[in-house]
Amino acid sequence: MNWFTVFPLIMVVTLIIMGLYVVLFKKNLIKIIMGIALMQNGANLFLVSLAYREGYVAPIWTSAPSADMVLPTPHALTLTSIVIGVATTALMLSFVMMIKKHYGTINSDEVRRCRE
Amino acid sequence: MNVDLLTQSPVFVLAIPLLFAFLTPLANKVSKELRNAVFLIGLLLTTLFVSLMAYEVYTMGSWIYVFGAEQPTTGLTTQSFFRITFLADGFSVLAALTIIITALGAGIYSFGHMKESNGLGKFYTLFLLTLAGVNGMVLTSDLFNLFVWFEVTSIASCGLIAYHNDRGESVEAALKYMIISVIAGLLLLFSIGFFYGEYGVLNYFLIRDSMTGSLIDILAIGMVMVILAMKASSVPMHMWAPDAYSEAPEPITPFIAITSLGSLFVLFRLLFFVFRGAVETSAIGSILIILGVLSMFIGVSMALKQSDLKRLIAYLSVSQVGYMMMAVGVGFATLGTGDYGIFGARAMEGGLFHMINDGVYKALLFLSAGGIVYVADTRDLNKLGGLAHHMPYTTFFFIIGGLSIAGIPPLSGFSSKLLIYKSVYLYNPVLAIIALVVSIVTLALIGKIFFNAFLGPDQGVGKKIPRSMILAMSILTIVVVLFSLFPNYVVAEIVVPAIEALGVGA
């Protein structure tokens, strides 16, 4: 086990646990969404760190012999998931804006009209 | 080079709704009529391509659609293992048929129901995007592609739930659903990362062939099961469903239900097609059975105390999901043993037949409830009454849908439930008894809605039901009646090919 392969995974676990903590225990809706964004970053970092091979170069075809490149697929996946993450975060934040307009609060304990 | 529409049909099932999704706002700039026409053409073309795919699968057999291959039927080769693939087989067709019948009903219904709302260009865009997303989820055979369609479905359907954003409740329900979907999507991404890190492939076939059943596999499979059961609104992960179902605009409610059925289709596809060789089938089957029984029982008991019409039907829908999970769970638990030939395969038939049945009659039930809300302008069962004087057609459609969900002979819900009772009884009699009791309570609840909403003195209403809503409900009623009249034909021609496509034919 090499430091370069283990360190990103430690960061992944840290980000996920921080995100989960925020989502589960914070009452502010904006903070919950920040927690989700933390978890998204953790997932992206996880995918990128899967692709890493020590000593290999970035997967750009013109500048490297094919045998010495890190895996390109997770990078493509990560790009897609970053884009999706931006879209979902923006949508959730716009929902929070509307909730603030209707309820006058973004405390998740007080946004409870659906439960009768 | 000529394009063979039949073998190319899987891609059109997605491409057509995607294209028309972005044509509708353009057409909206011109006129309302053109927008509605474009939307309807998009829906009908999608239906056409689903039918073409079904025709090709049932006459010529299934094929793997490889994107970017010279011929769509060449299948996976060593050169194309990283490409995105779609699976056109009996199971995909069963799922796509369920989705498209509901989408047709909901789409035509929305012409009449939504005509007083504004921003309809975006409404129809989101509608077609959700359709494309669910179709993609059930057709794809690539894990990452599954993630993308999963998120497309989540985003589009959340936009639809929050469509009436002048009401705080709609936005609240949408945010709740969105948070759950995003966390589910993240867990899915993690399990995809696990599979990729272990095997370096993302295609269902290649993962299936290389799966070893290691600890990482078990973890990833567990995560995938939790996610998809959550999206399928199975108890104990059902809390988003009643809010989302009841706060969404009425034409969209059956569509949200279809996205959760779509997740259930994906769950069964993954379990049977990909994970089967690497897991302890009896253990996973038991988990499915437990989740199913919990959903059936808790769903129907929560429905008992509801006085909101749509919330009540939403809880009934949660309990119907339990039937499918229980039946397919029995099938999965008995895989590989002698029992599978005796009753496991029957349970599978019942479960999958119940899925297509449930998609259709639940849509009918939600749409006729939407008719009640449209006419009476309230969802409170205590305030409704006497509607049969004003809406004889809707009353009839509600009776058909309601009796079907309660499993009363000779309607289609009975045929699938009978298959489930008979086979599940042989596995464990207690399960069949619970299923029967839940059915009886469902009947009582349908009776409660019927008496409260339709019978009683005429209270007078302001609005008439538009003809397009009647048309949409009649389409669904015709499908329910056809399924009721020819259950043997449906099981033999649609359900059995689906089970064979999963590789577990009897």
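In the predicted model, 27% of the 116 residues of chain A count as buried. The chain contains three helices and zero strands, and its elements follow the order α-α-α from the N terminus on. The radius of gyration of chain A is 19 Å, well over the 13 Å that the globule rule gives for 116 residues, so the chain is more spread out than a compact globule. Along the principal axes, the C-alpha atoms of chain A occupy a box of roughly 60 × 30 × 20 Å. Among the contacts in chain A with a separation of 6 or more, 52% are accounted for by residues 24 or more positions apart.

Chain A is also in contact with chain B: 28 residues of chain A meet 28 residues of chain B. On the chain B side, α5 (143-161), α6 (168-199) and α9 (240-247) each supply at least two residues. The largest share comes from α6(B), with 17 residues. By class, the side of chain B that touches chain A is made up of 18 nonpolar, four polar and six charged residues.

Within chain B, helix α10 covers residues 253-275. At 1.5 Å a residue, its 23 residues should span 33 Å, and the C-alpha atoms at its ends are 32 Å apart, which agrees with that expectation.

When residues up to four places away in sequence are not counted, Ser307(B) touches Asp380(B), Leu381(B) and Asn382(B). By contrast, Gly285(B), which is 22 residues from Ser307(B) in sequence, is 35 Å from Ser307(B) in space, C-alpha to C-alpha.

How values were computed:
Residues are numbered from 1 along each chain as its sequence is written. Chains are lettered from A and ligands numbered from 1 in the order in which they are written. This is a predicted model: local features need pLDDT of at least 70, side-chain atom pairs count only at pLDDT 80 or more; totals for chains, interfaces and linings use all residues. Helices (H or I, at least four residues) and strands (E, at least two) are DSSP runs, numbered from the N terminus. The radius of gyration is taken over C-alpha atoms; the globule rule is 2.2 Å times the number of residues to the power 0.38. A residue is buried if 20 or more other C-beta atoms lie within 10 Å of its own, exposed if 12 or fewer, and partly exposed in between; C-beta atoms are placed from the backbone. Two residues are in contact if their C-beta atoms, placed from the backbone, lie within 7 Å. Ala, Val, Leu, Ile, Met, Phe, Trp, Tyr, Cys and Pro count as nonpolar, Asp, Glu, Lys and Arg as charged, and the others, Gly among them, as polar. The expected span of a helix is 1.5 Å times one less than its number of residues.
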